[in-house]
Amino acid sequence: MTIKSLWQMFFLWGNYRSIGPESRKFLDITMQCIGKDLSPREGLFGCAETVNTLAVKTWGEPVGGDLSTAKMLKALVESPRFVQVVYPFPGDIIISPTGHGNGKISNGHVGVVVENSFIASNNSINSLLEINYTIKAWRERYGVVGGFPVLFFRRI
């Protein structure tokens, strides 16, 4: 059993109802930035840039992957600072990476789980961070229609 899997077990079972300090910080920064443009380099496809900007504001470093959700997934999987989880908490990252779908939706997406199963992510129309999905709606759009995986990662 790896350290990463031990952390995942801890968060899934031992910490089921509480949000950890790293998630709380990320959630707080995300909520403070609602309505702001956090993707100055990329407008139409600014979701990964937005999440990286939030990470820099929170932890002083990006999640990784620059503007690419596919590269961000790789960075999340390889990072010792994140674990993949099955049950999302506020402050977790939700990602459905480009290149992993069925072709019905051309691009993936990434966002942040906030309170009450809502998700904040970059709005491609106006480039602002908005609360624009529920987990259920995200699963329907990206998982069912787009055939993308719907993955969650937590900062440890």
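1. In this predicted model, the side chains of R81 and E61 form a salt bridge, with an N to O distance of 3.1 Å. The pair connects distant parts of the chain, the two residues being 20 residues apart. R81 belongs to the loop between α4 (69-78) and β1 (82-85), whereas E61 belongs to the loop between α3 (47-59) and α4.

2. The class follows because partly exposed covers the range between the buried limit of 20% and the exposed limit of 50%.

3. A search of the whole structure returns eight salt bridges. Among them is the R81 and E61 pair discussed above; two others involve R24, one with D28 and one with E115.

4. The R24 and D28 side chains meet in a salt bridge at 3.9 Å, N to O. Both residues lie in helix α2 (residues 21-32), where they are four residues apart, or about one turn of the helix. R24 is partly exposed at 35% relative accessibility, and D28 is partly exposed at 34%.

5. The salt bridge between the side chains of R24 and E115 also has an N to O distance of 3.9 Å. R24 lies in helix α2 and E115 in the loop between β3 and β4, so this pair ties together parts that are 91 residues apart in sequence.

6. Taken together, R24, D28 and E115 are linked in a network of salt bridges. In general terms, side chains of opposite charge can pair when their charged atoms come close.

7. Leaving aside its neighbours within four places in sequence, E115 is in contact with I19, R24, L27 and P90. R24, one of these contacts, is also the salt-bridge partner of E115.

8. A further distance concerns E115 and F89, which are 26 residues apart along the chain. Their C-alpha atoms are separated by 8.0 Å.

Technical notes: Residues numbered from 1 in each chain as written. Predicted model: local features only at pLDDT ≥ 70, side-chain atom pairs only at ≥ 80, totals over all residues. Heavy atoms only, no water. Contact = heavy atoms within 4.5 Å. Salt bridge = Lys/Arg side-chain N within 4 Å of Asp/Glu carboxyl O. Buried < 20%, exposed > 50% of the residue type's maximum accessible area, 1.4 Å probe, protein only.
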